[in-house]
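Thanks for asking me to look this one over. Here are my notes, as numbered points to read alongside the picture.

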Amino acid sequence: MKSVNLKIFIATAGLMVLAAAYAKAQPPAGKYNTTNYPEDRKAIEALNTQQDNSQYLNDDYIAVGPEGKVSYGFEEWKKGFNDNNFTFKSVKLVPGTYILRIYNGDAAVKSLVADVVFSTPKGDVAITVIRTETYIKENGKWYFVSGQGTKKATDEEKEKLGTKVLEKN
């Protein structure tokens, strides 16, 4: 009987941690250094305006989309996106979620939450994506080397997840 109670306690604690993580959409004010290396910040942001593969170091890019698909290189990512006839219709940053941290002037991590709408052959698809991007600086130039997008779970999806966790225990 004690074993069952312990499992229920562990599952409940896990759900509380998950709920707290989902509830907190904004980082604590002043927690991260978001002002160091101002010129490098400008260079990293400029990468987002490029519409070609020059932002990737020798096509040394790994992308994981919100559906879980892994792409090795920009061209593979673009091909997979185009093969499904998806286009970005809109991308809106969720206010207060953008964080760009630069380490030692040669590595950077960007985190943000965005509301994204894709146009697909079956109609528009709207999702909220939690995004993390990694950049490196080589020979004085910044490159985008990795991107991970995770679809934010809806309240219904979180509730189902919680039920599954309890059922396993």
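1. A word on terms before the details: helices (H or I, at least four residues) and strands (E, at least two) are DSSP runs, numbered from the N terminus, and two strands pair if DSSP finds at least two bridges between them. This is a predicted model, in which local features need pLDDT of at least 70, side-chain atom pairs count only at pLDDT 80 or more, and totals for chains, interfaces and linings use all residues. Residues are numbered from 1 along each chain as its sequence is written, and side-chain values use heavy atoms, with hydrogens and water left out.

2. Overall, you will find four helices and seven strands in the protein. Their order along the sequence is α-α-β-β-α-β-β-β-β-β-α.

3. Please look at the hairpins next. Strand 5 (residues 107-120) runs antiparallel to strand 6 (residues 123-138), and 14 bridges join them. Two residues lie between these strands in their hairpin, and D115 faces T128 of strand 6.

4. Strand 6 also pairs with strand 7 (residues 141-151), again in the antiparallel sense, through ten bridges. Here E133 has G147 of strand 7 as its bridge partner. Two residues separate the strands in this hairpin too, and N139 adopts a positive phi near 55 degrees.

5. Which residues make up the largest nonpolar core? A nonpolar core is a set of buried Ala, Val, Leu, Ile, Met, Phe, Trp, Tyr and Cys residues joined through side-chain atoms within 4.5 Å; buried means under 20% relative accessible area, exposed over 50%, and partly exposed in between (1.4 Å probe, protein chains only). The largest one has twelve residues: I44, L47, Y56, Y61, A63, F74, L100, I102, A108, Y135, W142 and F144. A second, separate core has seven residues, among them L112, V116, F118 and V129.

6. Y56 deserves a look of its own. Setting aside neighbours within four places in sequence, Y56 is in contact (heavy atoms within 4.5 Å) with Y61, F74, Y143 and F144.

7. Finally, is V70 buried or partly exposed? V70 sits in strand 2 (residues 70-72) and counts as partly exposed because its relative accessibility is 34%. For the protein as a whole, buried residues account for 27% of the 169 residues.
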